[in-house]
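Please open the model in your viewer and keep the selection tool at hand. The stops below go from a pocket to a core and then to the chain end.

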Amino acid sequence: MPILLFCILMLALAPSARGQAQPSSPDTLGKGVVLERPLGPSDSNDFTVRLDSGMSVLLSVQQLGIDLVVEVRAPDGTLLQAVDSPTGRTGDERVEIFADRSGAYGVRVRPYDSGEPQGRYRLTVVELRDAQVTATLLAARARERDAAAAWLRRRAARLPDEIVRSLPPLDELADHARIIALGEATHGSREISDLRFAVTRYLVQRHRVRLIAIEYSTSRLAVLNTWALGGAVKDADVQRALNSGWIGRRTLGDLVRWLREWNAEHPADRVRLVGVDPQDNERARAELLAVVSAAYGDSGIAGVDSAIHEIAVADSQAWVFGDSRVSAATYRTLVEVAARLDSDAPLLVRQLGTESVDAARDAARQFVQFADFNAEGRSIRSRDWYMAANLMRALDAAPAGTRAVFWAHNAHASLAPDRAPQARTSGAFLRAALGCDYRALATSFGEGAFVAQLPNDPQDRLEVSSLPPAPPETIDGVMGSVYGAGAVAAWACDPRPRDVPPWLQRAQSLHWVGGIFEPGSLSSEAFRPFKLVDDFDGIFYLPKVTADQIFSDRPVVPARSR
């Protein structure tokens, strides 16, 4: 054999420098495979893994600067799951395939969307299991889930038809908290919204909660707070504030009307309402421009008009989950406006009145926050940071010892202690600030329907989607086995219980649906991983939910042209 041919053959047969087995072809995944590849915003990479019926495989896809989705297809091409954890561009996507038939299972790695940057990923075949090992594994996992359900059952109570009497798990948690977060698994399920409203009334009546903070427009809730406190507000302004969006609209109306009645009956013990989200800020724009014009005249502040115009355009897109980016120049202008108003406030309040100047300063702060977390390039702080900061500001302004409820999606309410700093939640920031005075309750459900906006829809339409019963290996599935009916479970904050079963110490899937969802999507797309006992202090469970009301009066917001 010629020497050159022999050397080429030896190089082909030699193991890689990493000492790991390589796939027999670029598209085939086998035991021990580790590979790293670049991926651009318009690329995708396809692989296959051959499994006999009863076998299983565990894959890990490490994201290196690009947010990825990993799709799995059955041998006949049917899409089985699409995995996208809330880890952004740096975490791992873990994918497990259990073969119910023999054949080549497809694995596609693709960017989350076309807006992702060029990046890389590392795919690892963590375990390739034969049928016997897989069966043993599944049996062990079933035993672990049973142990988790038994642990939760000891800390749980059934949810009554009306939450008016003592509910020990909730009472124990509320007795030791200053802020109680009530999460939601979807933004558009009727029973979840009704449960949160009922729990809030209970906490106001039995646990002296006197501040209700909501993941909702700061400026619009300021109007509704004034009305709920009995202040003079035009009916048109109240209706405009109530009917500005679709998320939680029905329940918000019920809550505000109930608060107005409560405050009228308890004039010396009133409950206040605050929005902590600087998005949806139309009213604040008018308040700011009026004061800037009156305070600084024709000279004004350079660039403020164009900055507010850009905020208006970006805010209209945020309202329908569109392109809400803001330029760095606009951010700098708004920082200058906020600083100027703060510096000049002692004189401005004597010229224009405390109320109008304070409203303008609040508006400027909202715009700085909005422009920051929507800034092109690198933001300094996230939306979750600012929602937590706004809640703390409201709490600090309230009478000493005031207790609050915080309405937010599970994704924002959760503690998520393992997240990278840029991906931390409002709940994580509040726990860091308050310790166990902040307690977070998730909400989950077994099956049912919800309302969400269609993705990339020119008309921003709302549609109803339905999900089948949660698989038994999910948190929702385990909660369903606790009582088979509605339940609430809660556990100690500090120290965390020592007897937490292993299943609850690992990340498990929990229902998670945001404001956008494609009807007919795989049910796996409606789940995200959580370590239940680490990420929350308790959980509500509802066996079945239905879609909330769809409102037809939402204006169509044209896609932004940049």
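Which element gives the most to the lining of the second largest pocket? Select α11, which gives 10 residues to that lining; helices (H or I, at least four residues) and strands (E, at least two) are DSSP runs, numbered from the N terminus. This is a predicted model, in which local features need pLDDT of at least 70, side-chain atom pairs count only at pLDDT 80 or more, and totals for chains, interfaces and linings use all residues. Residues are numbered from 1 along each chain as its sequence is written, and side-chain values use heavy atoms, with hydrogens and water left out.

Stay with this pocket and select A222, N225, T226, L273 and D362, the closest to its centre of the 44 residues that line it. By class, the lining has 17 nonpolar, 12 polar and 15 charged residues, where Ala, Val, Leu, Ile, Met, Phe, Trp, Tyr, Cys and Pro count as nonpolar, Asp, Glu, Lys and Arg as charged, and the others, Gly among them, as polar.

Next, select I214, which is in contact (heavy atoms within 4.5 Å) with residues including L221, L252, L273 and W407, its neighbours within four places in sequence being left aside.

Finally, select residues 1-26, over which pLDDT (the predictor's confidence in each residue, from 0 to 100) stays under 50, and for which the model has 17 contacts beyond four places in sequence. Where pLDDT is low, the predicted coordinates should not be read in detail. The protein chain averages a pLDDT of 91, and 94% of the residues score at least 70.

Technical notes: 1 Å grid on protein atoms, 1.4 Å probe; cavity = no way out; pocket = protein on both sides within 12 Å on 5 of 7 lines; lining within 4 Å.
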